[in-house]
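Here are some friendly notes to read alongside the model.

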Amino acid sequence: MKTCLIVDDSRVIRKVSRHILETLGFTVSEAENGKEGLEACEAAMPDVILLDWNMPVMTGIEFITQLRQRPGGEAPKVVFCTTENDVAHIREAISAGADEYVMKPFDHETLQIKLQLVGFA
């Protein structure tokens, strides 16, 4: 079964994302910041990570930079989910190792399209 880790400090975003992902056949786990996300990846590396940009403790950019340096950390497809929509932010996310980028708020169809683009929907 496909697995997804949602790393977002918003409980509402995690809940909405979880609902969408479960209807797409994913087993979902959650973390409310990058530090918790990395710990979850240590325990079990997911297939896909939905990653928020702005979080306390550790930002999305800090998370993905550390993830990509770890053994097996190159494997998950990472989709940044954020309100940051300027070209500089998108370029920074892709440069740091993100596979795709989706704007908040997003719906079922939008997220499904992004997951198809990374090979997981």
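This is a predicted model: local features need pLDDT of at least 70, side-chain atom pairs count only at pLDDT 80 or more; totals for chains, interfaces and linings use all residues.

1. Read from the N terminus, the elements follow the order β-α-β-α-β-α-β-α-β-α. The radius of gyration is 13 Å, close to the 14 Å that the globule rule gives for 121 residues, so the chain is as compact as a globular protein of that length.

2. A few more overall values may be handy. Along its principal axes, the C-alpha trace spans about 35 × 30 × 25 Å. Of the 121 residues, 43% count as buried. If you take the contacts with a separation of 6 or more, 57% of them come from residues 24 or more positions apart.

3. Next, helix 2 and helix 3. Helix 2 is made of residues 34-43, and packs against helix 3 at an angle of about 25°, with the axes 9 Å apart. Angles under 35 degrees count as roughly parallel, and helix 2 and helix 3 are therefore roughly parallel to each other. Helix 2 passes helix 3 in a right-handed crossing.

4. Which residues of helix 2 and helix 3 meet? On the helix 2 side they are Gly34, Gly37, Leu38 and Cys41, and on the helix 3 side Phe63, Gln66 and Leu67. Sorted by class, this contact has four nonpolar and three polar residues, and no charged ones.

5. Helix 3 also packs against helix 4. Here residues 60-69 (helix 3) and residues 87-96 (helix 4) lie at an angle of about 20°, and their axes are 9 Å apart. Helix 3 and helix 4 are therefore roughly parallel to each other. Their crossing is left-handed.

6. The residues behind that contact are Ile61, Ile64, Thr65 and Arg68 from helix 3, together with Glu92, Ala93 and Ala96 from helix 4. They divide into four nonpolar, one polar and two charged residues.

7. Ala96 of helix 4 deserves a look of its own. Leaving aside residues up to four places away in sequence, Ala96 touches Ile61, Ile64, Thr65 and Arg68. Ala96 is also 30 residues from Gln66 in sequence, and the two are 9.6 Å apart in space, C-alpha to C-alpha.

8. What about Ser95, buried or exposed? Ser95 lies in helix 4 and is exposed, with a relative accessible area of 63%.

9. One is a cis peptide bond, which joins Lys104 and Pro105 with omega at about -10°. Pro105 sits in the loop between strand 5 (100-103) and helix 5 (108-117).

10. The other detail is at Val57, which has a positive phi of about 70° although it is not a glycine. You will find Val57 in the loop between strand 3 (48-51) and helix 3. Val57 is exposed, with a relative accessible area of 62%.

Conventions: Residues are numbered from 1 along each chain as its sequence is written. Side-chain values use heavy atoms; hydrogens and water are left out. Axes are lines fitted to C-alpha atoms, for helices over the stretch in contact, and angles run from 0 to 180 degrees between N-to-C directions. Helices (H or I, at least four residues) and strands (E, at least two) are DSSP runs, numbered from the N terminus. Angles under 35 degrees count as roughly parallel, over 145 as roughly antiparallel, 65 to 115 as roughly perpendicular and the rest as oblique. A crossing is left-handed if the near helix is turned anticlockwise from the far one by less than a right angle, and right-handed if clockwise. Contact means heavy atoms within 4.5 Å. Ala, Val, Leu, Ile, Met, Phe, Trp, Tyr, Cys and Pro count as nonpolar, Asp, Glu, Lys and Arg as charged, and the others, Gly among them, as polar. The radius of gyration is taken over C-alpha atoms; the globule rule is 2.2 Å times the number of residues to the power 0.38. Buried means under 20% relative accessible area, exposed over 50%, partly exposed in between (1.4 Å probe, protein chains only).
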